[in-house]
Amino acid sequence: MGLMNQCMMRLALLLFLSVSAVFADEDAFIGVNIGTDLSDMPHPTQVVELLKAQQIRHVRLYNADRGMLLALANTGIQVAVSIPNEQLLGVGQSNSTAANWVSQNVVAHYPATNITAICVGSEVLTSLSNAAPVLVNALKFIHSALVASNLGRQIKVSTPLASSIILDSFPPSQAFFNHSLKPVLVPMLDFLQSTGSYFMLNVYPYYEYMQSNGVIPLDYALFKPLPANKEAVDSNTLLHYTNVFDAIVDAAYFALADLNFTNVPVLVTESGWPSTGDSKEPDATLDNANTYNSNLIKHVLNKTGTPKHPGIAVSTYIYELYNEDTKDGPLSEKNWGLFNANGTPAYILRLTGSGSMLANDTTNQTYCSAKDGADHKMLQAALDWACGPGKVDCSPMLQGQPCYEPDTVAAHATYAFDTYYQMMGKAPEACNFNGVAAVTTTNPSHGLCLFGSGDRNGTFLNGTASAMESNGTSVSSSPHLHYTFSMSHIMLGIAGLSAILF
């Protein structure tokens, strides 16, 4: 019996070391999924500005949108692109189609855009069963195209799978994959192992909790601290589980081992919690979403690992960046985002002490900008009011000053609008200007023209604008700064101010 125990311990150690070796050179990271089912999807440059402001260094796209890939160029942000399910059959049935896809969507952008992974389909085995027979071919064809372009080592190829393919998932040590999927899973795992890629898994403790009919405690799903007697214990391994996330990841590792794959690392491609739900989703709340995502981020970045593999990175992409208001399904489906479409946070993550990444308190990082496509005359009128009755110091926009360029009405209006907005304490109603302005988290600063601070560009924002002469005439040489205190402008100012205040 003692010899058997020693052998088992040595085997366990070897398994641990094999998985550890896979992750030895990798730091745990938190990434974010970027969905696009929004009625007012931000422009790619705005998306990238938000990513940079939040210091998000890893993103997953659900396609290979050219505009997004161009906007992500030269940012250093690591990008996972995706082949949508509707393109999977074509790619999996034709090597040339796969090669064309790689040429157009990867080679054309790399290395300026730091593409590090290609997700071939999404949850194909559970949502697109007719494509399952060609899934492995699609993976191989895409990888072959990368190899032909000398990108086989730099870019990983895999496919995100739903955790529901894992059966009997608790205790984790008893977990195994749905046997009917073996004809696809085994060659797929062979491919992942031979190419050094990841087993991509979508992990949703929210759904596990909702479907458990009260068996799973809410605190266990939310990573909340549990007393020792409330922790879930795997009776076979005696490992203690303090949260659903770790239990699912370890169930995946045990299911992989059941098929004799012990050195394919798990990468969580989706995980999150909805912040709003309908009457049947009482636990889809702002507080629960905040608690889950805040705890998830800390759990991953602290390299806590799982009970089966303590200290081993389980990098994770949060689902998702934006609330998607046009997504089908129950109310919760529209409310998984960390941010609203305008870049304001859906809630403020509790990440004190976890670094600056995704410290999404943008309360002090908001600006007031002229709306794209706003009427030229209305912009000019609002600019005149801001630099006149609005008492904004517009001297930095004079020729030769930091904010003169670009010499356009929209650029000058944005400077004046934001200055007024900052003067008024960032009150949302102070960024309206008869509907031609909007609050944004995109910092409009450029060169030496700085936005968003109380003392900038050598001027003070409080008090009467120094660019105004007491006789009410303009001192600007810019064609856009032609404000005068004519009666019509005073009336415009009163109307504009009324709109702002009321």
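Colleague: Which residues does Thr195 touch, not counting residues up to four places away in sequence?

Modeller: Please note that the model is a predicted one. Thr195 lies in helix H8, which covers residues 182–195. With residues up to four places away in sequence left out, the residues that Thr195 touches are His143 and Lys156.

Colleague: At what distance does the side chain of Thr195 reach the backbone oxygen of Phe191?

Modeller: A polar contact requires a pair of N or O atoms within 3.5 Å. The side chain of Thr195 reaches the backbone oxygen of Phe191 at 2.8 Å.

Colleague: Is His143 in H7 buried or exposed?

Modeller: Helix H7 comprises residues 132–148, and its first and last C-alpha atoms are 25 Å apart, close to the expected 24 Å. A residue counts as buried when its relative accessible area is under 20%. Several residues of H7 fall in this class, including Phe141, Ile142 and His143. His143 is therefore described as buried.

Colleague: Which residues have the most contacts inside the largest nonpolar core?

Modeller: This core has 107 residues, and H11 gives the most to it, with eleven residues. Ile142 touches, among others, Ile118 and Val120, when residues up to four places away in sequence are not counted. The residues with the most contacts inside the core are Ile118, Val120, Ile142, Phe199 and Leu321.

Colleague: How many residues does the second, separate core have?

Modeller: Among the members of this second core are Val392, Ala430, Cys431 and Ala437. The core is separate, and its number of residues is 28.

Colleague: How many of the 15 residues of H11 are buried?

Modeller: The 15 residues of H11 should span 21 Å at 1.5 Å a residue, and the end C-alpha atoms are 21 Å apart, which agrees. At the start of H11, a side-chain oxygen of Asn243 comes to within 3.3 Å of the backbone nitrogen of Phe245. H11 is largely enclosed by the rest of the structure, because the number of its 15 residues that are buried is 13.

Colleague: Where is Thr262, and is it buried, partly exposed or exposed?

Modeller: Thr262 is placed in the loop between helix H11 (244–258) and strand S12 (266–271). Its C-alpha atom is separated by 9.2 Å from that of Gln193, 69 residues apart along the chain. The relative accessibility of Thr262 is 29%, so the residue counts as partly exposed.

Colleague: Why is the ring pair of Tyr204 and Trp336 called edge-to-face?

Modeller: Planes over 60 degrees apart count as edge-to-face. Tyr204 and Trp336 are both buried. Their ring centres are 5.3 Å apart, and the pair is edge-to-face because the planes stand at 75 degrees.

Colleague: Is the pair of Phe417 and Phe433 stacked or edge-to-face?

Modeller: Phe417 lies in helix H14 (residues 409–423) and Phe433 in the loop between H14 and strand S15 (437–440), so the pair ties together parts 16 residues apart in sequence. Phe417 is buried, as is Phe433. Planes under 30 degrees apart count as stacked. The ring centres are 4.1 Å apart and the planes are at 15 degrees, so the pair is stacked.

Colleague: Which residue lies over the face of Phe254?

Modeller: A charge sits over a ring if, in the case of Lys, NZ is within 6 Å of the ring centre and within 35 degrees of the ring normal. Here the distance from the ring centre is 4.1 Å, and the residue is Lys308.

Technical notes. Residues are numbered from 1 along each chain as its sequence is written. This is a predicted model: local features need pLDDT of at least 70, side-chain atom pairs count only at pLDDT 80 or more; totals for chains, interfaces and linings use all residues. Side-chain values use heavy atoms; hydrogens and water are left out. Helices (H or I, at least four residues) and strands (E, at least two) are DSSP runs, numbered from the N terminus. Buried means under 20% relative accessible area, exposed over 50%, partly exposed in between (1.4 Å probe, protein chains only). A nonpolar core is a set of buried Ala, Val, Leu, Ile, Met, Phe, Trp, Tyr and Cys residues joined through side-chain atoms within 4.5 Å. Contact means heavy atoms within 4.5 Å. Rings of Phe, Tyr and Trp (its six-membered ring) pair if their centres lie within 6.5 Å; planes under 30 degrees apart count as stacked, over 60 as edge-to-face and the rest as tilted. The expected span of a helix is 1.5 Å times one less than its number of residues. A polar contact is a pair of N or O atoms within 3.5 Å; within protein, one must be able to donate a hydrogen and the other to accept it, and residues adjacent in sequence count only if both atoms are side-chain atoms.
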